[in-house]
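Have a look around first, and then we will take the questions one by one.

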Amino acid sequence: MSSNLWELRKKRGMTVKQLAAKSGVPAKSIYAYEAGEPIKIADLGKLAKVLYVDKTEIKIQSDPVPKTKPEPPKPPAKPAPPAKPEAASSSTSPAREKKLPPPRPAAEGQLHHLRGLLEKLGMEETAVAAEIGKPVNELTFLEARTWLKTLDGRIQAEKPQRPPNTRRWRATQPEIVDEFEANYLQARQEAKDVVTFTLLNETTFSGIIIGFSPYNITIQQADGTETTIQKLALAYYATSPELAKEAA
Amino acid sequence: MSLSDHLRYLRAQQGGTHPVEIAQALGLGKPTAVNLAEKQYRPVRDEELVEKLAQYYGRPLEELQWHNARPRKYLTFYIARALKTSELVTLTLRSGQQLSGKAAWWDLSSVGIRDENGRLLVIQRHAVIDWPGAATEWEDT
């Protein structure tokens, strides 16, 4: 006699997922088979093997699973809250007064930072205490946070502003600026100055710059010859000493 | 001259071998380490790689180590300090020539120094082989 798939599965104490994992039949298909869809012959053998039954013992088309779950009982109706006396809504009632936790004191780091800012501003701690209304040590966490913002704002306001259209002073790192050499080459090219280039092997070339890139410089020598110098082969270059003297 | 610049110089001297070929010759799967060794501003920490590169280029290991102790970053420190203090800088080039003057500027590929005649010399960083206190004064942080 054949049985429904879901019956055999439950008999073995397996969930659909477990059956799917063991048999290799997708859980989605098992759900469909248990709902009444005919079981594919290929899947039937796999399922029978896992359920330790013969293929013929599984109904090709299962009956739908009976709904055994009883309807959940309705939650009991909440008793209506007692009518609040008018006086109870007043915040003055001691019974309903919430006990607030004591304010969190300022963190050590906050105070350290605060003192650092005061030092930057050249302010005495006692003078600030008068402004705050209490000693710095007694500030709460939130008060310290507010005062840190306030003092930081004052420092920013006191900072001298960089003139417009000027570059920020660059730090030692990172070395990503290559404008100085480019500016110098541009100026020499525009002025048509004669520049002398000395290579690593001490060979020299003189001429006016007619073009350059980060990797090479092209010059026109006195006889009209155009020469491109690879920067990797270059040691140094300069304008002729006469030009320097004139400039001086 | 830093090891990075020296390696580029050696590779150029050899005819511009591709880093992939060098990596293969060194028994490396990728050319990343070879590329980085040629580009980084700080000393190459991989001593085994330095040794392999010395063998590949047929140079004494001491030569590469000497260059490795003079990375580009230390030259930057030297010039940056000279710019602040207006001290005279002396740069020794690969040819052995020494150039002195006051630092005017520095950038990615070159250093500008003004000699005693007021002439601006634009010295390529890769041509600078040594400078006072090159390998001793600076701490790599």
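Q: Which residue in E3(B) does B:Ala103 stand opposite?
A: B:Ala103 stands opposite B:Ile113. Keep in mind that this model is predicted.

Q: What makes E2 and E3 of chain B a pair of strands?
A: Two strands pair if at least two bridges are found between them. Strand E2 (residues 98–106) and strand E3 (residues 110–114) of chain B have four bridges, so they count as paired by that rule. Their sense is antiparallel.

Q: How do you know that E1 and E2 of chain A are paired?
A: The rule asks for at least two bridges, and five bridges join strand E1 (residues 194–199) to strand E2 (residues 204–212) of chain A, so the two are a pair. One of the links is between A:Phe197 and A:Phe205, its bridge partner in E2(A). E1(A) and E2(A) form a hairpin with four residues between them. In the turn, A:Glu202 has a positive phi of about 70°.

Q: What joins E1(A) to E5(A)?
A: Five bridges join E1(A) to strand E5 (residues 234–239) of chain A, and the two run antiparallel. Here A:Thr198 has A:Tyr236 as its bridge partner.

Q: Why are E4 of chain A and E5 of chain B said to stand at the edges?
A: The open sheet has ten strands, in the order E4(A)-E3(A)-E2(A)-E1(A)-E5(A)-E4(B)-E3(B)-E2(B)-E1(B)-E5(B), with antiparallel pairing. Strand E4 (226–230) of chain A and strand E5 (128–130) of chain B each have a single partner strand, so one side of each is left without a neighbour in the sheet. From one strand to the next, the twist averages 50°.

Q: Which strands does helix H6 of chain B lie across?
A: Helix H6 (residues 72–85) lies across E1 (88–93), E2, E3 and E5 of chain B. The helix runs at about 75° to E2(B).

Q: What makes up the lining of the largest pocket?
A: This pocket has a volume of about 730 Å³ and is lined by 26 residues. A:Pro214, A:Tyr215, B:Arg8, B:Leu108 and B:Ser109 lie nearest its centre. H1(B) gives the most to the lining, with four residues. By class, the lining divides into nine nonpolar, seven polar and ten charged residues.

Q: Why is a space called a cavity and not a pocket?
A: In a cavity a 1.4 Å probe fits but cannot get out, whereas a pocket is open. Two cavities of 30 Å³ or more are counted here. The largest has a volume of about 40 Å³, and its lining includes B:Met1, B:Asp5 and B:Trp131. That lining has five nonpolar, one polar and four charged residues.

Methods: Residues numbered from 1 in each chain as written. Chains lettered and ligands numbered in written order. Predicted model: local features only at pLDDT ≥ 70, side-chain atom pairs only at ≥ 80, totals over all residues. Heavy atoms only, no water. 1 Å grid on protein atoms, 1.4 Å probe; cavity = no way out; pocket = protein on both sides within 12 Å on 5 of 7 lines; lining within 4 Å. Points joined across faces, edges and corners; volume = space filled by probe spheres on them. Nonpolar A, V, L, I, M, F, W, Y, C, P; charged D, E, K, R; others polar. Axes fitted to C-alpha atoms, helices over the stretch in contact; angles between N-to-C directions. Contact = heavy atoms within 4.5 Å.
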